[in-house]
Amino acid sequence: MHRLAAGLCVMVMTGALAGCGVAEADRAGPRLPAIVAHRAGTADYPENTLRAIDGALHNGADRIWLTVQISADGVPVLYRPNDLSALTPERGPVSSRTAAELTQINAGWNFSTRLPNGEVVYPYRANPTPIPTLDAALAAIPADVPVILDMKALPAEPQARAVANVLTARGAWSRVLIYSTDASYQKAFAGYRLARMFESRDATRGRLLDVALSGRCDAPDNGVWTAFEWQRDMQVIETFTLGEGRSPVRAKLWTRAALACLDTNGPAHTIAIGINSLDAYREAGCLGIEAVLVDSPKNAREWRAQTAQRFDCSAMR
């Protein structure tokens with residue numbers, strides 16, 4: 001939810017900014033966005049597992065996005081939900097188990113697929129794929145494949161320290177980017193000279209909303225890393241003397257004007273989160289988005305091949 005002042009030029013849905021003070025401008029032109037495997041490909045294989053990483057690499061993912069929490073004994077492991085019951089046959093938070101215990105738990109227990117006859121099956125109950133450590137995941141990913149680590153656990157400081165120890169031991173700082181929806185991770189990693197961070201989600205959201213709603217450009221530094229949803233459910237909240245009014249909106253904040261703003265001081269790195277169709281992939285490419293976060297690298301491989309054959313952006317201008 002984002003609280004906005006009344007009286008802004010509200011054009012979130014269309015991306016049109018005529019009369020709002022920011023001129024639309026193309027980036028370098030259409031591009032085939034790089035494929036980032038979300039949780040290593042959550043739609044194709046059990047998420048955040050070595051099996052998913054192997055599948056994402058096989059399907060040509062350019063980067064791997066992994067979700068990190070820490071075990072009871074301070075070891076970074078790959079797992080996203082708040083409770084083990086979401087994906088495994090066990091219960092309780094990740095932080096209640098040691099790394100040795102977690103690596104014996106089947107992270108594919110609740111992963112299901114539907115057969116042609118409509119039957120739903122759970123293929124990894126008979127073929128377990130355990131929760132891996134971050135160290136094991138980095139060992140499984142070739143050194144030339146960039147990795148994005150999404151920090152989920154709080155407080156931030158213990159996890160930042162544990163992750164930093166793994167990256168230092170592995171010599172992996174140069175191939176890893178750090179992301180989190182919680183801005184406290186910016187502070188937690190500030191003391192690590194080699195840490196490469198996305199700007200805070202709050203900062204990116206604010207920049208995109210400034211362009212969409214007021215036409216104002218709050219340009220970031222050259223080369224900043226940004227990530228935000230391709231589309232996002234939001235509420236515009238107007239406050240007035242007798243209360244407030246709320247307007248829900250399906251916001252689409254990635255526009256040519258937004259990208260032009262981000263590139264003001266030099267090219268920014270942009271990742272659109274939640275690209276899960278051919279049309280969205282093509283539209284992102286026509287805007288000049290650098291990379292897209294996808295649930296299915298297998299499908300994305302086909303989108304890229306089809307788009308490469310005929311990359312026509314004329315209908316989107």
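**Exercise 1.** Is Y124 buried or exposed?

*Solution.* The model is predicted, and its values are computed from it. Step one: the relative accessible area of Y124 is 14%. Step two: a residue counts as buried under 20% relative accessible area. Y124 is therefore buried.

**Exercise 2.** Classify the aromatic pair formed by W65 and Y179, and locate its two members in the chain.

*Solution.* The structure holds nine aromatic pairs. For W65 and Y179, the distance is 5.0 Å centre to centre, with 50 degrees between the planes. Planes under 30 degrees apart would count as stacked and planes over 60 degrees apart as edge-to-face, so the remaining class, tilted, applies. The W65 and Y179 pair is accordingly tilted. As to location, W65 belongs to strand β3 (residues 63-70) and Y179 to strand β8 (residues 176-179). The two residues are 114 residues apart, and their pair links distant parts of the chain. Both W65 and Y179 are buried. Finally, ring pairs join W65 and Y179 with F198 and W225 in a cluster.

**Exercise 3.** Determine the geometry of the pair formed by F111 and Y124, and state which parts of the chain the pair ties together.

*Solution.* The ring centres of F111 and Y124 are 5.8 Å apart, and 75 degrees separate the planes. This pair is edge-to-face. F111 is found in the loop between α2 (99-102) and β5 (113-114), whereas Y124 is found in the loop between β6 (120-121) and α3 (134-140), so the pair ties together parts 13 residues apart in sequence. F111 is buried, with a relative accessible area of 14%.

**Exercise 4.** Which ring lies under the charged end of R125?

*Solution.* The charged end of R125 sits over the ring of Y122. Its distance from the ring centre is 4.1 Å.

**Exercise 5.** Describe the backbone at R39, A40 and P155.

*Solution.* Begin with R39, which is not a glycine but has a positive phi of about 55 degrees. R39 lies in the loop between β2 (34-38) and α1 (50-58), and it is buried at a relative accessible area of 13%. A40, also a residue other than glycine, has a positive phi near 70 degrees. The loop between β2 and α1 holds A40, which is buried with a relative accessible area of 1%. P155 is placed in the loop between β7 (147-151) and α4 (156-170).

Methods. Residues are numbered from 1 along each chain as its sequence is written. This is a predicted model: local features need pLDDT of at least 70, side-chain atom pairs count only at pLDDT 80 or more; totals for chains, interfaces and linings use all residues. Side-chain values use heavy atoms; hydrogens and water are left out. Rings of Phe, Tyr and Trp (its six-membered ring) pair if their centres lie within 6.5 Å; planes under 30 degrees apart count as stacked, over 60 as edge-to-face and the rest as tilted. Helices (H or I, at least four residues) and strands (E, at least two) are DSSP runs, numbered from the N terminus. Buried means under 20% relative accessible area, exposed over 50%, partly exposed in between (1.4 Å probe, protein chains only). A charge sits over a ring if NZ of Lys or CZ of Arg is within 6 Å of the ring centre and within 35 degrees of the ring normal.
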